[in-house]
Amino acid sequence: MSFLPFAHALVARQDLPVPAWLFAWGASIVLIVSFFALSVAWRKPRFEEVRWRPLGAGLARGLVSAPAQVLCGLIGVFLLGVALYAGLRGTEAPDRNFALTFLYVTTWLGFPFFSALLGDVFRPFNPWRALSRSAGAGFRAIAGQRPAHLPYPEKLGRWPAAVGLIAVVWLEIVYGSSGGVAVGLDPHAAATAALVYSGYTLAMMALFGTEVWCERGEVFSVYFGMFSQLGCFGVEDGRLGYRRPLAAATHWATLPGSAAVVIASIATTSFDGAQEGAFKSAIESTFNWFADRGVDLTTSLRLTDTIFILLCFAGVSLVYLLGVRGMRTIRGAPSLATLRIGFAHTLIPIALAYLVAHYFSLFVFQEQAQFTYLLSDPLGTAHTDLFGTASGGIDFRLLSATTIWYVQVGALVVGHVLGLTLAHDRALVYWPNYRDASRSQYWMLAVMVAFTCFGLYLLSVSNG
Amino acid sequence: MKNSKAVFACLVALVIAVGLAACGSSSDETNEATNGGVTRPANGPESASMGGKVPTIVIRNGEPVGGVKQLEYDAGDEIRFEVKSDVADEVHVHGYDLMQDVPAGGTVSFDFPAEIEGIFEAELEGRKEQIAEITVNP
């Protein structure tokens, strides 16, 4: 009997586990790189200054001008509308409905990748921000004054986004995978959830102000915005500019709960990678424990997966906090709270590397569906062909298994290097004495090696 | 400084040990997978012409007898298997997107080249019941 179904409704093909020889190579390169990082380390912080400078005048202003913002906002609202309509009115087959692929693959996986490369591209397209800003403009036009907002409880910081991030993933891979059959999240449920989320987001924006909520509570803005800090394009004073890569990230984690956001990202990706491999037998025995006590099968599976996703969050937090606690033992260390906030941004490259390693192939394959039959036949009726691409499909030969392996291992190694770079740089801020700074970094090195090797391990465990 | 170097050396040793252990265990698993219940036809095109035994997935009460059948091939092999079912349904091989109707009490056979690498599910489409997992190695 196979109790545990596939997690992803959309996946017709799963990646092969990374072979042992490549795992060994990957782990060795990580260690060599780490040694190298220690020996060539620089002595003055290099990334604390963002060094932003505007791009050529026309481009810098044109891309962020008011008409461009209105246009992008309209596109965002229109696409959300299409996804909601397709989800509510279209076919219940997850792989034939525009909604699921658009929300969970194109948006949820696409924006982290492109934000890291191009900057905060989600911000102009954010449909809730666009709606809320137009409502605000309408209010000003009628009432002749700015809408009043409640002060945001600053202690909450980004915690609402961290909780929301886990909820978004939970909906897809825990709630959705628990039907007892290999169906996964149905488009109707996804669209309903998106509607509920829209209502909640607009209400919060009205209460606390659009930009305040985008910066702290709006899951998608916070999550994609986090990855955009790595890239070299950013907007300042209404102008688009070029900045030192990675540098903006050093100022990202200042709000409370930021560490929880990046940890939630690593934890949910880990859970998804491990549930059919590394954690499979543990999940099965927990599931059986519930089932044996008379809990119905669907609830048992959802309970089990929920427990494991929370365990992943606890585990990743623990490793990070141990590293932080270790740094506290170095002479002249700042307070534990300062360290905990101060090194959170060093995990952003690791989170991105995990995403690339786990979802790169899914993204490449599923986007072929997005731009062929899902675009031309969004409801999956088999009668519509808007752009003449309804008969297209996914060519799984586009990527060989070997290519996927190299991208996966390469992503983890690069993420490791970037994480180490940011951590060393931050240590130089806290420990003016170069030797103390280096010694503090043995701890972060251990944290990074742990995450990277765990990532490699997840990839190498058979899904069977 | 000496002290911290020693700490670091210990740390590296630990990481290497963990790495090797993980390597060891993952290669163990691979061995287990190839020995335990996996049908693995001989490599090369000649295996098809030699008429080696074609694996059969028996469906009883809409479920595969003995659990989900594990089939493993190398890219370029000929994937051949039969499905013998006591219920009428459609057999769907995902990824390759091949479908065949099987009548109650009937048998259908699949024969196609392993040209897409990865892990694929074969299921009874109507019942959403997975019956085989097909692995194609590079």
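1. Helix axes are lines fitted to C-alpha atoms over the stretch in contact, and angles run from 0 to 180 degrees between N-to-C directions. Helices are DSSP runs of H or I with at least four residues, and strands are runs of E with at least two, numbered from the N terminus. In chain A, the axes of α18 (residues 401–430) and α19 (residues 434–460) come within 9 Å and cross at roughly 165°. The two helices, α18(A) and α19(A), are therefore roughly antiparallel (an angle over 145 degrees).

2. This is a predicted model, in which local features need pLDDT of at least 70, side-chain atom pairs count only at pLDDT 80 or more, and totals for chains, interfaces and linings use all residues. Residues are numbered from 1 along each chain as its sequence is written, while chains are lettered from A and ligands numbered from 1 in the order in which they are written.

3. Among the residues of α18(A) that meet α19(A) are L412(A), G419(A) and A423(A); the α19(A) side includes M444(A), L445(A) and G455(A) (contact: C-beta atoms, placed from the backbone, within 7 Å).

4. Chain A comprises 19 helices and four strands. Its C-alpha trace spans about 70 × 65 × 45 Å along the principal axes.

5. The predictor assigns the complex an ipTM of 0.79 and a pTM of 0.86. Where pLDDT is low, the predicted coordinates should not be read in detail.

Note on methods:
Angles under 35 degrees count as roughly parallel, over 145 as roughly antiparallel, 65 to 115 as roughly perpendicular and the rest as oblique. Two residues are in contact if their C-beta atoms, placed from the backbone, lie within 7 Å.
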